[in-house]
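Subject: Structure for your review

Dear colleague,

Please find below the structure that I am handing over to you.

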Amino acid sequence: MESKIRHYSDMLKNREITCTELTEKFLSGIDTSNKDLNAYVTVTADTAIEAAKKVDEKLSRGEELSLLEGIPMTLKDNISTKGIETTCCSKILEGYKPIYNATVWEALQAQGAVLLGKTNMDEFAMGSSSETSYFGGAANPHNINHVAGGSSGGVASAVGGNIAVYGLGSDTGGSIRQPVSFCGIVGLKPTYGAVSRFGLIAYASSFDQIGPITTTVEDSAIVYDAISGYDKMDSTSQGRKGAPTVDTLKNDIKGMKIGIAREYLEGVRDEVRACIEKACEVYKSLGAEIVYFNLPALKYALPVYYILACAEASSNLGRYDGIRYGYRTDAYKDVNEMICKTRSEGFGDEVKRRIMLGTYVLSAGYYDAYYKKAQNLRGSIVNAFKNAFKTCDVILAPTVPMTAFEKGNAISDPIETYLTDICTVPVNIAGLPGVSIPCGFGENGLPIGMQLIGNTFCESTILNAAWQYENAVGSEVFKSSEYGIKL
Amino acid sequence: MVTHEDVIAIARLSKLYIPEEELDAMTKAMDDIIKFADTINNASEKGVEFDNINNLSNAFREDEVVPSYDREEILSNANDIDEGHFLVRKRV
């Protein structure tokens with residue numbers, strides 16, 4: 001598959017189109033498609049055109065453009081953008097304009113990225129369908145009666161719907177990989193610490209990571225290389241290990257050991273399992289070796305994730321009190337009532353549920369039984385993955401046990417919805433990198449995704465394996481939706 | 001078994017109000033989620049001590065004095081301000 005970023009960059013460099021014209025085309029694509037997709041919650045047309053004009057001026061002076069310069073893109077609405085509304089799709093942050101930029105946005109701006117707008121998400125990234133958004137859910141570009149997934153549903157809908165060339169999402173328990181699986185595109189959740197979280201509005205700080213959402217594997221590598229690395233503003237960020245991932249994408253994978261943990265295949269739909277088996281055949285034909293093993297610690301991954309992530313969320317979301325920013329209730333008798341009413345009116349149901357669960361598991365009497373126990377099981381899961389990587393180079397697994405839900409079906413039963421995260425949360429628990437790529441279609445015509453999981457800081461290995469698969473199967477599997485701009 | 005009283009106590013700690021008419025639904029939701037979370041207590045293994053992810057160590061930086069944010073900018077997102085301060089109306 002041809003890199004879309006390189007395609008548009010070449011068009012600009014060869015003067016086939018000006019950056020202003022390219023940006024206007026994408027903005028008019030948003031005008032047409034966003035009514036159906038509800039991918040964007042804020043469109044930044046004026047600043048996009050302004051940024052595009054600067055690129056055109058540079059071109060007219062005969063200066064060289066960097067690869068991401070002038071490429072229209074989007075950011076999830078929990079990534080801080082100075083002076084541009086950043087709401088986490090919550091009423092409690094309606095109207096909030098950050099006074100600083102997230103480091104990832106600084107990095108992309110420095111390379112001349114053109115921001116088209118901010119995209120829809122589950123409120124505070126808590127959800128799997130983007131329907132907990134205060135602004136309503138984002139639709140799937142392959143069938144708008146189905147959800148785009150979540151929580152980075154808006155970015156996936158915009159990129160899958162060709163109204164952004166690429167975007168950045170965030171992944172706490174699968175929030176990049178699950179929506180890209182539903183929308184038939186590519187999403188990378190980097191190793192914990194590989195990309196700065198400064199300016200990412202926190203949900204669960206020991207799980208959150210920012211990563212690229214793109215239509216091709218090469219684009220994923222290009223954007224990852226641009227945003228990763230040490231940032232003095234994030235004390236958990238680490239210096240990037242090794243060479244740019246884009247340099248090793250096309251390496252031969254003969255002899256690469258691809259592991260299948262049997263537990264990942266339990267409980268997934270037959271059509272999803274069939275796609276994984278087919279992918280194994282593709283890998284065998286490329287010279288890779290398939291290795292089967294057990295990972296029994298995965299059994300506890302979901303409750304461990306929900307206990308720990310909600311505990312961290314209950315603490316992180318304590319800051320919303322209506323005093324310094326965001327929504328504040330109108331009528332109150334004292335400060336305590338003001339804070340309680342502000343929070344009760346400003347947060348949606350799912351956010352309240354997760355804050356309550358987090359508070360419960362951290363409260364005296366329950367801390368040891370839930371929080372402490374879950375932390376210890378997290379240690380077991382980390383060790384289980386460490387051992388697994390002694391026998392294989394990458395782990396291949398389904399991304400989601402099924403295709404995209406119909407709209408309205410995801411939010412009726414919280415536990416049922418949590419269960420759909422079964423394949424994605426282990427990666428966040430262990431802080432590993434995982435990339436989700438398309439691997440087929442279900443009976444309903446909707447995309448099915450698979451993920452390649454690597455050892456810590458082995459982004460180059462999983463992107464290499466992903467590129468080889470993409471190159472082998474091509475556009476029949478990496479199929480574009482009918483929406484948006486194709487030039 | 002999560003009770004109404006538990007939910008009211010947890011809501012108070014969480015600085016949330018749960019209206020009377022939503023109490024049953026929230027109690028049921030909490031009970032379902034806690035039962036689900038309880039499955040970890042069936043685990044035969046005790047697990048291993050976990051203190052940080054990927055054995056990362058803190059990436060410290062030099063403690064240098066740098067310009068801070070402008071006060072007006074910081075106050076620009078507040079609902080109520082007065083003479084350079086965040087304002088919470090006095091109600092007695």
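Predicted model: local features only at pLDDT ≥ 70, side-chain atom pairs only at ≥ 80, totals over all residues.

I begin with the contact between chain A and chain B. Chain B contributes 40 residues to this contact, and chain A contributes 58 residues. On the side of chain B that touches chain A, two or more residues each come from helix H1 (4-13), helix H2 (20-38) and helix H3 (71-75) of chain B. H2(B) gives the most to that side, with 7 residues. By class, the residues on this side of chain B are 24 nonpolar, 8 polar and 8 charged.

Within chain A, helix H7 (residues 217-227) and helix H15 (residues 459-473) have axes that come within 9 Å and cross at roughly 155°. Because angles over 145 degrees count as roughly antiparallel, H7(A) is roughly antiparallel to H15(A). The crossing of H7(A) past H15(A) is left-handed. In H7(A), the residues that meet H15(A) include A:Val217, A:Ala221 and A:Tyr224, while those on H15(A) include A:Leu463, A:Ala466 and A:Trp467. This contact of H7(A) with H15(A) has 6 nonpolar, 1 polar and 3 charged residues.

Lastly, A:Tyr192 lies in the loop between strand S7 (186-189) and strand S8 (209-214) of chain A. A:Tyr192 counts as buried because it has 27 C-beta neighbours inside 10 Å, where 20 or more are required.

Yours sincerely

Technical notes. Residues numbered from 1 in each chain as written. Chains lettered and ligands numbered in written order. Contact = placed C-beta atoms within 7 Å. Helix = DSSP H or I, 4+ residues; strand = E, 2+ residues; numbered from the N terminus. Nonpolar A, V, L, I, M, F, W, Y, C, P; charged D, E, K, R; others polar. Buried ≥ 20, exposed ≤ 12 C-beta atoms within 10 Å, placed from the backbone. Axes fitted to C-alpha atoms, helices over the stretch in contact; angles between N-to-C directions. Parallel < 35°, antiparallel > 145°, perpendicular 65-115°, else oblique. Left-handed = near helix turned anticlockwise from the far one by under 90°.
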